[in-house]
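Subject: Structure handover

Hi,

Here is the structure for you to look through. My notes follow below it.

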Amino acid sequence: MASFCAIAAATHCIPHSSSFCSKKSPFSKKKVTCKAKNGDHRPEITSKNGENSPGTLDRRDVLLGLGGLYSTSLAVNPMALANPALPDFKDCVDATQPNYTPINCCPPAAANIEDYVPSATTVRTRIAAQSVTVDSDYYRRYSAAIQKMRNLSPADPRNFRQQANVHCAYCDGGYTQKGNSNLLYEIHSSWFFFPWHRWYVYFFEKICQNLIDDDTFALPFWNWDAPEGMQIPPMYNSVVTSPLYDCLRNPDHLPPSVINLDWSNDAVTVDPKVQIKHNLAIMHSQMITQSKTPTDFFGNPYRAGDDIATLEGAGQIEQTPHNNVHSWTGTVVDPSNLINMGAFYSAARDPIFYAHHANVDRMWTIWLNQLKGNNFTDPDWLNAYFIFYNEEAKPVRVRIQDCLDTTKLGYTYEDVPILWLNASTKPQPRAKAKTLPSAPDPAQVFPTTLDKPINVIVQRPKKSGSGSSEEILVIEGIEYDKGNYVKFNVYINEDDVNASHPDNTEYLGSFSNLPHGHRMSYKTNKRFRISEVLEELGARDYDRVLVTLVPKSVNPVKINGVKIVFAS
C-alpha cells in the first residue's frame with residue numbers, strides 16, 4: 001500500500017495525509033457551542049449586519065464540513081418551525097467508508113456566519129469541457145486554480161481535499177438529525193439533491209476565481225448528454241502530473257471509450273454509434289417521459305423526523321444518468337464497490353466531479369426552460385438553507401430560494417445542441433403483434449430476493465371518478481444495503497429482455513444506488529410513468545401487463561411487490 005499511496009500522492013489522487021494511507025486524519029474533531037434563546041428556531045441575530053454572536057455557532061445554522069455545506073430545512077409553516085430538519089453537529093463522528101473503515105471528515109469550528117444573497121452584475125458562461133484543449137489559456141487558468149487549491153493549508157476550508165470531503169461528511173454517516181439521533185442526515189436521495197449541489201459547485205467556482213484573481217472564470221461542464229461529450233474530456237486526461245488528472249478512474253473507460261449512461265458492472269461494450277443512440281434515448285426518457293412533475297425531477301420531500309432510509313427519495317435524474325456517470329467513471333475495486341467517482345465518500349476527490357455536477361445542474365436549467373418544468377413552491381424547500389465556506393474562507397448561509405435564477409448567481413451555460421430532445425424510444429420490431437401477457441408459471445411470490453430475473457403479471461387499476469388517469473408502475477419495498485453498489489433494470493411487456501435496449505420502449509429504466517459509507521438497510525420504492533409507454537406499445541386496452549426485473553449487480557436486493565396506481 002505504501003508504494004501505491006506514494007504514487008497516488010504524486011499524481012494528486014490521494015494526499016499523503018489521506019486516511020486511505022494513514023489511520024489518522026490530519027483533522028481533529030471539533031466541538032461547537034450551540035445556543036438559542038426562548039426556543040427560537042431561527043439563528044440568533046445580535047448584530048446590525050445580521051451576524052451571529054461572536055464565538056458562538058447557533059446549532060440551527062451549521063454543520064460546517066471540510067469545505068462547506070451543511071444544511072437545515074426551515075419552513076415558514078408554524079408546524080415546520082416547531083421542528084425543522086437539522087443535522088446534529090455538536091459531536092461530529094467519524095464517517096464510514098463502504099469497506100467499514102472509519103474516516104474523519106469532521107469540520108473545523110466556525111462562527112460569525114453571514115447570510116448570503118447573490119447579486120451578480122455580470123454573467124459568466126460555463127463552457128463544454130470537451131471543447132477545451134490542453135494548450136489553451138482556459139486550461140492553464142483552470143489547472144492553476146486547482147493546483148493552488150491543492151497547495152492551500154489543510155486547515156484552510158478552501159483546500160481541495162476539504163472541498164472534496166463535503167460529500168464524505170454529509171453522505172457517509174458523520175451526522176444525525178438533531179432531536180432524532182437514530183436518523184441520519186444527508187442531502188442525496190431527496191429534493192435537496194439539485195439545489196445543494198448547485199450551491200456547492202457555485203462556491204467551488206468562486207474559490208477558483210479568487211485563487212487565480214480572475215472573476216471572469218467559469219467552470220466547465222462535462223457534456224455527457226451530447227455525442228461530442230460522451231467521453232472523458234481531454235482536459236481531465238492529458239498527463240498524470242496535471243492537477244485535473246485522477247488515477248482512480250476506471251482504466252477501461254478512458255478515451256476513446258464512449259460513456260454508457262445506463263452502465264452496470266456487467267455492461268457489454270457495443271459499437272460507439274450504437275452506444276450514443278442508447279445514451280440519447282436514455283436522456284429523452286429520463287428528462288421528458290419520466291420527469292413530468294417537480295417530484296419526478298428533483299426527488300421527494302425530506303422533512304424533520306423523516307427517515308432517509310425509508311423515503312421514496314431520489315428523483316429520476318439523480319439515479320439516471322447521475323449515478324451511472326459516477327459509477328462508470330470510478331474504478332471498480334471489486335464486483336460490488338467502486339472508489340473515487342464511484343462512491344460518495346471519495347467522489348469529489350476527482351476534479352471531473354465538478355464538471356459532472358455542472359452538467360447535472362445544466363439539466364435543471366433545461367428542464368425549466370426548454371421543457372417548461374416547474375420548481376417546488378413548498379416553503380420547506382424554498383426556505384431550507386445550507387452553509388458553505390466562500391472564496392474568502394468565511395462561512396455563509398444560503399437558501400434554496402436564492403439559487404433558482406442562475407443569472408443572479410452570475411453564470412449561464414454555453415448553448416450547445418440538445419439532440420436527445422427528439423430521441424424518443426421505439427417499440428421493438430415484431431414479427432407478429434403482441435398478445436395479452438399470460439401469468440408466469442409458477443406465479444411470482446413476494447417478498448423475493450432479486451438474484452435472477454423475475455417476471456410479474458400486474459393488473460391495471462380501473463378508472464373511477466375524476467382523478468388522474470396517468471398510470472404509475474411502482475416497484476415496492478426495495479430493500480438493500482446503502483453501502484453497496486446496486487442496480488436492476490425494469491422492462492414492460494417484453495418477453496425477451498436480452499433483445500431489448502435503452503432505445504426500445506419496452507425498457508422503462510433502472511433503479512440504482514451509489515455506495516454510501518454508512519452501511520445500513522434501506523427500504524424505498526421506485527416509480528415509472530407508463531401511460532405513454534403503454535400507448536406506444538399498443539397496450540392501452542390491456543387489463544394487465546408483464547413486468548420484468550433484471551438484476552445488474554451482485555449485491556443482494558429484496559423486492560416486496562409490484563403494482564400499478566394512478567398518479568396522485
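N340 sits in the loop between β10 (337–339) and α9. Helices (H or I, at least four residues) and strands (E, at least two) are DSSP runs, numbered from the N terminus. N340 is not a glycine, yet its phi is positive, near 50 degrees. N340 is also buried, with a relative accessible area of 1%. Buried means under 20% relative accessible area, exposed over 50%, and partly exposed in between (1.4 Å probe, protein chains only).

Before the rest, the ground rules. This is a predicted model: local features need pLDDT of at least 70, side-chain atom pairs count only at pLDDT 80 or more, and totals for chains, interfaces and linings use all residues. Residues are numbered from 1 along each chain as its sequence is written, and side-chain values use heavy atoms, with hydrogens and water left out.

Most residues other than glycine have a negative phi, and most peptide bonds are trans.

- S189 is another non-glycine residue with a positive phi, about 60 degrees. The loop between β8 (180–184) and α5 holds S189. S189 is buried, at 11% relative accessible area.
- T320 to P321 is a cis peptide bond, with omega near 15 degrees. P321 is in helix α8.
- F446 and P447 are joined by a cis peptide bond too, with omega about 0 degrees. P447 belongs to the loop between β13 (411–413) and β14 (448–449).

**Overall numbers**

The protein has 12 helices and 22 strands. Of its 568 residues, 59% are buried. Contact means heavy atoms within 4.5 Å. Among contacts with a separation of 6 or more, 77% are between residues 24 or more positions apart. The accessible surface is about 22,100 Å², and carbon and sulfur atoms account for 51% of that. Areas come from the Shrake-Rupley method with a 1.4 Å probe; for residues, only the protein chains shown count as cover.

**Helix pairs**

Axes are lines fitted to C-alpha atoms, for helices over the stretch in contact, and angles run from 0 to 180 degrees between N-to-C directions. Angles under 35 degrees count as roughly parallel, over 145 as roughly antiparallel, 65 to 115 as roughly perpendicular and the rest as oblique. For residue classes, Ala, Val, Leu, Ile, Met, Phe, Trp, Tyr, Cys and Pro are nonpolar, Asp, Glu, Lys and Arg are charged, and the others, Gly among them, are polar.

*α5 and α9.* Helix α5 (residues 193–211) packs on helix α9 (residues 352–369) at about 130 degrees, with the axes 10 Å apart. So α5 is oblique to α9. The crossing of α5 past α9 is left-handed. Left-handed means that the near helix is turned anticlockwise from the far one by less than a right angle; clockwise is right-handed. From α5, F193, F194, P195, H197, R198, Y200, V201 and F204 take part; they meet F353, Y354, H357, V360, D361, W364 and T365 of α9. By class, the residues of this contact are 10 nonpolar, 3 polar and 2 charged.

*α4 and α5.* Helix α4 (residues 160–171) and α5 cross at roughly 170 degrees, and their axes come within 11 Å. That makes the two roughly antiparallel. On the α4 side are F160, Q163, A164, V166, H167 and Y170; on the α5 side, W196, H197, Y200, F204 and I207.

*α6 and α8.* Helix α6 (residues 272–289) and helix α8 (residues 316–329) pack at about 165 degrees, with axes 9 Å apart. They therefore count as roughly antiparallel. Their crossing is left-handed. I282, M283, Q286 and M287 of α6 make the contact with Q316, I317, T320 and P321 of α8. That gives 5 nonpolar, 3 polar and no charged residues.

**One more residue: I352**

Is I352 buried or exposed? Buried, with a relative accessible area of 0%. I352 is in helix α9. Leaving out residues up to four places away in sequence, I352 touches W222, I232, P233, Y236, R249, T329 and M341. I352 and N237 are 115 residues apart in sequence, and 9.8 Å apart in space, C-alpha to C-alpha.

Best wishes
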